[in-house]
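Open the model in your viewer and keep the selection panel at hand. This tour goes stop by stop.

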Amino acid sequence: MAGASKVYPNAKAALDGIVADGMTIMCGGFGLCGIPENLILALRDTGVRNLTVISNNAGVDGQGLGLLLETRQIKKMISSYVGENREFERQFLAGELEIEFNPQGTLAERIRAGGAGIYGFYTKTGAGTVVAEGKETRVVDGQTYILETGLTADIALVKAWKGDTEGNLVYRKTARNFNPVMATAARITVAEVEHLVEPGELDPDCIHTPGIYVKRIIQGERYVKAIEQRTVRKRGVA
Amino acid sequence: MPWTREQLAQRAARELRDGYYVNLGIGIPTLVANYIPPDMKVVLQSENGMLGMGPFPYEGEEDPDLINAGKQTITELPTTSYFSSADSFAMIRGGHIDLSILGAMEVSEQGDLANWMVPGKMVKGMGGAMDLVAGAKRIVVVMEHTAKDGTPKLKPRCELPLTGSRVVDMVITDLAVFARTDRRSRFKLIELAPDVTLDEVRAKTTAQVDY
């Protein structure tokens, strides 16, 4: 068989030899939906520190990236919303943690640009707000745009529903979110999937992340898949 | 009598049009989904990557892979599609969303919107609000007319950090509705809540608006 296998036995093995102090790490998910649960635990257990983490949110206390905050492994977050985490608030107010807020769509597009080899882009989002401070602006047809630059990372940790041994990934419902763009934007992308399958089992027309972007893949050992805001309606009500 | 939260949502629902693609913010705007007229087709977008949002699930049918931007469990419809965050915001930024209904802390007479941070308080982040106001074709704000301490929220200029500059097309408060035909015009009072007087609205509005 030509080429080394991308498949690793577990999350710990998948991070072995590739993570180090001070790295920039992208982490997929929206809230706790679609987060790489097993890889976050394994990253915590490596003990690496001074991480810059690019993730839309910062987990909640005791779950997701909240685990890496508890152990003080994160130096800086690049996020759009971090409102669900008390430990985050405590560290931020104590000056122990840096935060760079990006509008959510700007964050997604910066990552897309980073993965696509695009230096930057001009966007209306944030024009005339604090987000524009210190950034080049351009006025076209009376509309102000600000220059936002692409983002890349040393490592991306992403989570998909299914993946094959070639690294082709399929996401499920809104657990897709930031995972596919982040998969394109890191030097090494590690994917965890709920179901690892053989080549040919995924419909090639329905693959969301082509395997070229994925260097290592595991089937996650354990999934909690926590719900942050369980909201239901009563039966018999329209 | 000022409008209640439910009545505010009902009033905002009157801004929906058949065939619209709509993004609803968190809080009162979310309630607007309950008042879509049955004969009208409105597709709800959720910026975490979904078009065609269904109602909340029945108990026992919650799916952790299926949430809205407020992280609440929801359901899909036969018409639903899913996409990445980058595609979702391309859709928003690219002007494909007809209407976004959002909450606000302050709106200025020029239509500036402030709804994401209060200096001195822990800042949670702007989420997708700045992208929505920059990209959606029409922005309707739903808010209380005054803050808890009685301070008018429709004011000459925003004191809080902006979410967007000159982006608001309509303001619906618990007392009145203000609209403008384009983003260079002044807001005009177009409706009063039942039994609310013009004098009361004038007294509680510091922005220059047309009456």
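What percentage of the 238 residues of chain A count as buried? The figure is 54%. Keep in mind throughout that this is a predicted model.

**Stop 1: chain A as a whole**

Chain A carries 6 helices and 11 strands. Its radius of gyration is 19 Å, close to the 18 Å that the globule rule gives for 238 residues, so chain A is as compact as a globular protein of that length. Along the principal axes, the C-alpha trace spans about 55 × 55 × 40 Å.

**Stop 2**

The whole structure holds 28 salt bridges over all chains. Start with A:Glu96 and A:Arg72. Their closest N and O atoms are 3.3 Å apart, and the pair forms a salt bridge. A:Glu96 sits in the loop between α4 (86-93) and β4 (98-101) of chain A, and A:Arg72 in the loop between α3 (66-70) and β3 (74-79), so the bridge ties together parts 24 residues apart in sequence. A:Glu96 is partly exposed, at 36% relative accessible area. A:Arg72 is partly exposed too, at 39%.

Next, select A:Lys76 and A:Glu100. This salt bridge has its closest N and O atoms 3.5 Å apart. A:Lys76 belongs to strand β3 of chain A and A:Glu100 to strand β4 of chain A, so this pair also links parts 24 residues apart in sequence. A:Glu100 counts as partly exposed, with 26% relative accessibility.

**Stop 3: where the chains meet**

Show both chains and colour the contact. Chain B contributes 45 residues to it and chain A 54 residues. Together they bury about 4300 Å², 60% of it on carbon and sulfur atoms. Between the two chains, 27 residue pairs are in polar contact. Which elements of chain B each supply at least two residues to the side that touches chain A? They are β4 (76-82), α3 (85-93) and α4 (129-135). Helix α3(B) gives the most, with 4 residues. By class, this side of chain B has 20 nonpolar, 14 polar and 11 charged residues.

**Stop 4: salt bridges across the interface**

Across the interface there are 6 salt bridges. Zoom in on B:Glu76 and A:Lys173, one of these pairs, with the closest N and O atoms 2.9 Å apart.

Then move to B:Asp65 and A:Lys225. Their salt bridge has its closest N and O atoms 2.8 Å apart. B:Asp65 lies in the loop between β3 (50-53) and β4 of chain B, and A:Lys225 in the segment after β11 (216-219) of chain A, so the pair joins two chains. Is B:Asp65 buried or exposed? B:Asp65 is buried, with a relative accessible area of 2%. Salt bridges that share partners connect A:Lys159, A:Arg172, A:Glu194, A:Lys225, B:Asp63 and B:Asp65 in one network.

**Stop 5: B:Ala179**

Finish in chain B. Select B:Ala179, in strand β11 (residues 176-179) of that chain. At 15% relative accessibility, B:Ala179 counts as buried, because the cut-off for buried is under 20%. Show what surrounds it. Beyond neighbours within four places in sequence, B:Ala179 contacts B:Asp169, B:Met170, B:Arg186, B:Phe187, B:Lys188 and B:Ile190.

How values were computed
Residues numbered from 1 in each chain as written. Chains lettered and ligands numbered in written order. Predicted model: local features only at pLDDT ≥ 70, side-chain atom pairs only at ≥ 80, totals over all residues. Heavy atoms only, no water. Contact = heavy atoms within 4.5 Å. Buried area = accessible area lost by both parts, 1.4 Å probe. Salt bridge = Lys/Arg side-chain N within 4 Å of Asp/Glu carboxyl O. Polar contact = N/O pair within 3.5 Å; in protein donor to acceptor, adjacent residues only side chain to side chain. Nonpolar A, V, L, I, M, F, W, Y, C, P; charged D, E, K, R; others polar. Buried < 20%, exposed > 50% of the residue type's maximum accessible area, 1.4 Å probe, protein only. Rg over C-alpha atoms; globule rule 2.2 N^0.38 Å.
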